[in-house]
Amino acid sequence: MEDTRSRDGTRGRIGTRSRGSLTDSSPPPPSLIPSTTLHSLSPPHHPHYPWEVILTAFFVTMDSLSQASQNEESEGSHISGPLLVEKLAEAGITPQDIKKLSEAGLHTVEAVAYTPKKTLMTIKGISEQKADKILAEALKIIPLGFQSATEVHARRAELVHITTGSKNLDALFGGGIETGAITELFGEFRTGKSQICHTLAVTCQLPVDMGGGEGKCLYIDTEGTFRPVRLLAVAERLGLNGEEVLDNVAYARAYNADHQHQLLTAASALMSESRFCLLIVDSATALYRTDFNGRGELSARQAHLGKFLRTLQRLADEVGLGESTRRKRALMERQFGIAVVITNQVMSNPDGAAGPYMANEKKPVGGNILAHASTTRVQLKKGRGANRQAKIYDSPCLPESETQFAILSSGIGDPEEE
């Protein structure tokens with residue numbers, strides 16, 4: 001850059017020449033400069049007239065580009081991530097009704113749009129007329145109609161997968177734990193269910209290009225098996241700060257089936273305030289087996305479990321977007337849901353065929369309700385020493401296959417070669 005001084009003493013900067021045919025001897029085309037700007041310039045015989053015209057055109061163009069970029073960013077922020085339920089105030093919904101929706105666990109417009117009308121009417125103070133209006137306004141903001149398979153395929157191609165810490169397991173899952181879906185891990189005790197959960201609680205905090213989700217973890221413990229020391233061991237292995245890792249895990253202990261369901265409301269509130277990419281429930285069925293006894297309460301148990309699983313799926317469909325991550329639009333455009341991982345117990349199969357190969361057959365607890373709610377089901381079995389076996393039990397897109405992984409002192413990993 002070089003400073004020049006005009007006859008009236010004002011200074012101007014000479015910048016690099018713009019592309020095209022703008023030279024020292026030829027002024028820029030008048031179409032690039034507003035007429036008001038042209039009139040305000042010095043007369044044509046001014047010795048620096050061509051450069052002043054060029055600079056004026058340059059700054060006018062840059063200002064236009066800057067405004068266009070801001071508009072694009074504004075539009076991008078409108079479609080990226082979930083919209084807080086307060087957005088409904090712009091559509092005429094009263095603050096009192098919005099507060100009632102939030103207290104019921106509906107913290108985003110997406111959550112409201114996904115909720116049936118009769119469920120909204122169970123909220124104290126929400127009448128049928130109000131429910132109709134709230135749903136109508138929510139559906140104007142969140143379109144729930146048809147879209148082309150091409151669009152769906154494009155979104156799924158950019159899904160974020162969270163590494164399990166084992167290359168073998170990641171390959172079995174098609175790249176890791178899928179976001180926007182419910183992954184169920186079931187097996188007997190000591191098969192590695194809780195150990196996988198502990199490892200995932202740490203790996204989800206890694207950058208996306210390292211197999212993480214760049215987010216926090218919600219951990220609901222129903223059996224009292226959560227141990228922070230395991231998180232520290234995994235963090236040390238991955239080179240992460242142990243204190244920060246623990247701070248990024250929101251833990252809650254559930255004491256009964258009702259409390260377990262209520263914790264999802266609290267989880268929804270946390271997701272609306274900060275960026276979460278993983279929700280773990282270990283285990284999803286333990287409390288249901290003790291709170292509901294016998295065949296007489298089987299129907300009530302399955303209905304309660306169905307509502308819990310439906311809420312889980314709704315959370316998986318939403319994106320936890322906090323104020324601190326609104327700058328990460330590129331990441332949020334790649335990810336449209338959190339990963340939900342649940343563990344499940346097993347029971348003896350009384351309907352199994354008799355025989356030496358079927359005597360020890362086990363099946364997951366929860367019946368068809370849980371089977372239909374889970375996107376991917378993986379069966380875990382004990383192996384030799386620290387090794388464990390994992391098998392795809394049910395999945396809409398993964399082939400039926402199995403692999404081995406190991407439970408190490410530093411979390412889940414691959415078996416050592418003999």
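This note comments on a sheet, its helices and a pocket in a predicted model.

1. The sheet. Nine strands form an open sheet with mixed pairing, and their order is β7-β6-β8-β9-β5-β12-β13-β14-β15. At the edges stand β7 (249-253) and β15 (411-413), each of which pairs on one side only. Direction ignored, neighbouring strands of this sheet are turned against each other by 25 degrees on average.

2. Strand β8 and its partner β6. Strand β6 (residues 216-221) pairs with strand β8 (residues 276-282) in the parallel sense, over six bridges. Cys-217 stands opposite Leu-278 in β8, and Ile-220 stands opposite Val-281 in β8.

3. Strand β8 and its partner β9. The pairing of β8 with β9 is also in the parallel sense, over four bridges. Here Leu-279 stands opposite Val-340 in β9.

4. Why may β8 be called largely enclosed by the rest of the structure? Seven of its seven residues are buried, so the description applies; a residue counts as buried when its relative accessible area is under 20%.

5. Helix α9. Helix α9 (residues 193-203) packs on the sheet, where it touches β5 (182-187), β6, β7, β8, β9 (339-344), β12 (376-382), β14 (402-408) and β15. The direction of α9 makes about 160 degrees with that of β8. This helix is mostly covered, with 10 of its 11 residues buried. Among the buried residues of α9 are Lys-193, Ser-194, Ile-196, His-198 and Leu-200.

6. Helix α10. Helix α10 (residues 228-238) lies across β7, β14 and β15.

7. How much space lies in the second largest pocket? The volume is about 830 Å³. The lining of this pocket consists of 24 residues, and those nearest its centre are Thr-119, His-261, Lys-307, Thr-311 and Arg-314.

8. The second largest pocket: lining. Two or more lining residues come from each of α5 (117-121), α12 (257-273) and α14 (298-317). Of the elements, α14 gives the most to the lining of the second largest pocket, namely eight residues. By class, this lining has 11 polar, seven charged and six nonpolar residues.

Key: Residues are numbered from 1 along each chain as its sequence is written. This is a predicted model: local features need pLDDT of at least 70, side-chain atom pairs count only at pLDDT 80 or more; totals for chains, interfaces and linings use all residues. Side-chain values use heavy atoms; hydrogens and water are left out. On a 1 Å grid over the protein atoms alone, a cavity is a set of points where a 1.4 Å probe fits but cannot get out, and a pocket is an open set with protein on both sides within 12 Å along at least five of seven lines; lining residues have an atom within 4 Å of a point. Grid points are joined across faces, edges and corners, and a volume is the space filled by probe spheres set on the points. Ala, Val, Leu, Ile, Met, Phe, Trp, Tyr, Cys and Pro count as nonpolar, Asp, Glu, Lys and Arg as charged, and the others, Gly among them, as polar. Two strands pair if DSSP finds at least two bridges between them. Axes are lines fitted to C-alpha atoms, for helices over the stretch in contact, and angles run from 0 to 180 degrees between N-to-C directions. Contact means heavy atoms within 4.5 Å. Buried means under 20% relative accessible area, exposed over 50%, partly exposed in between (1.4 Å probe, protein chains only).
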